Amino acid sequence: MLVYFQIYLFIAFAAMAGFYAYRGYRRVYNNIMLGKSEDLNDNTTERFKNMLLVAFGQKKMFKNITPAILHMFIYVGFIITQIELIEVFIDGVTGKHRVIYHAVENIPFLKFIYVATISSIELISVLVFIATVAFLSRRFLIKVPRLNKPELKGFPVQDAAIILISEIYLLTCIFSMNTADMALHHGEYGFAVSGLLQHFLSNWDESSLHLLERAGWWGHYIGVLLLLVYLPYSKHLHILLAFPNTFFARLNPKGYISNMPEITKEIKLMMDPSAVPPPADANAAPVKFGAKDVMDLSWKNLLDAYTCTECGRCTSACPANQTGKILSPRKIMMDTRDRLEEVGSIVAANNGVWKEDGKSLIENGYISIEELRACTTCNACVEECPVMISPLDIIVQLRRNLVMEDSNAPAEWTGMFTNMENNGAPWQFSQQDRLKWIDN
Ligand code: SF4
Ligand code: SF4
């Protein structure tokens, strides 16, 4: 009877978590799809290569070796500990104990593989534990400057703490479960780390060991389900989104800034006096330059925003930030995501229809004009990002909107704009006079 109750509880928890997790991931997907379309399906070989090297292989992380190694432990640990979860799941739905072990215990080679796998999980879990403590210390004791910038106050810092503490909680559950199990079965399984730890439980009676084993087992299972539900609200969603984000990263040369087709057309006409302008199309929708709000950005910009790990490598490399300007490319991504969440909830509350809320991504507590003007378009943030995000692309689009739709530019820039319009160059000389310096 107790076994059936356990199976029922196990499946009920999974169903509940599945429901809430689905809602969370669906919300993220719907929000990303609020962006404008952009075709990024070309050159799939190059895209797979990027995904394997950058997302799976963590290639860009290794520019900074210490955090890269610590991150690698956590990342590999995260993947590998899921193997043990397979057995937890099978045990949960069958109401049995260590189903895989008992299936292979009489086949020496398979038993060896099983024990080696669980022992590897335990050894990696020890490394993950060390890395997690190191990450907590870097953030809260040593206070690494990159992780203590103004944009991280409030929820972002809580979010980081929640995930790191959850990691320690899950590891504690795994070791409680395996160590108590080893002690209960007198070391029969032969696991590496829990085989050593079981000696600390040598004075425990059988019922206490059983209780500890069950607490670890259920604690691990419920912890994983809760993380699954929490992930769509956390910056740690990058664990999943890093893969599509690197796959769909733009393949343009470094520093490439896309032209606005309408402006390109104008410039071409300007540079060719014999060209005849095409007749105006009275039915064409009015052209909107740049982006004012998240719906004006492309779905890839919005995917970037949800993929941002808030690591701050971009901000550390940003010359504007280094010279004391308020611009932080990390904050650009965080603000874009926050505004997208706000817009997404309005759309969801109105059955998929956007209702104007009198705000936009520019100012309104999101990205300020001062931040946008501080960018030198140097591309350092894009170069540094470990998951191929481009804060620069968003900055450029917002700045284009400011200048071209709202004529909002500092007085020093307007002379240059006038010269561009009249002379086709930033200088105040007419095109005919450009080569006069040769005669002098
Ligand atoms: S492109 Fe702009 S935001 Fe990015 S690093 Fe350079 S100055 Fe900073
Ligand atoms: S944009 Fe990239 S580098 Fe910057 S904080 Fe986000 S993940 Fe890190």
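In this predicted model, helix α17 is largely enclosed by the rest of the structure, because ten of its 14 residues are buried. A residue counts as buried here if 20 or more other C-beta atoms lie within 10 Å of its own. The buried residues of α17 include Leu 392, Ile 394, Ile 395, Leu 398 and Leu 402, but also Asp 393 and Arg 399. Among the elements that cover them are α11, α12 (313-317), α14, α15 (369-374) and α16. From its first C-alpha to its last, α17 reaches 20 Å, close to the 20 Å expected at 1.5 Å a residue.

Together with Leu 302 and Tyr 306, Leu 398 has the most contacts inside the largest nonpolar core, which has 47 residues. At least two residues of this core come from each of α1 (2-32), α2 (44-56), α9 (238-247), α11 (299-307), α14 (329-349), α16 (380-384) and α17 (391-404). Domain 1 and domain 2 each supply at least three residues to this core. Leu 302 touches, among others, Asn 31, Ile 32, Val 294 and Leu 340. A second, separate core has 26 residues, including Phe 135, Leu 170, Met 182 and Trp 217.

The domains themselves come next. The domain assignment gives domain 1 as 2-32 + 64-247 and domain 2 as 261-275 + 288-426. Their centres, taken over C-alpha atoms, are 39 Å apart. Where they touch, domain 1 contributes 19 residues and domain 2 contributes 21. On the side of domain 1, α1 and α9 are the elements that give two or more residues, and α9 gives the most, with six. The residues on this side are nine nonpolar, five polar and five charged.

Methods: Residues numbered from 1 in each chain as written. Chains lettered and ligands numbered in written order. Predicted model: local features only at pLDDT ≥ 70, side-chain atom pairs only at ≥ 80, totals over all residues. Core = buried A, V, L, I, M, F, W, Y, C linked by C-beta atoms within 7 Å. Buried ≥ 20, exposed ≤ 12 C-beta atoms within 10 Å, placed from the backbone. Helix = DSSP H or I, 4+ residues; strand = E, 2+ residues; numbered from the N terminus. Domains from an automatic or database assignment. Contact = placed C-beta atoms within 7 Å. Expected span 1.5 Å × (residues − 1). Nonpolar A, V, L, I, M, F, W, Y, C, P; charged D, E, K, R; others polar. Lists of a residue's contacts leave out its neighbours within four places in sequence.
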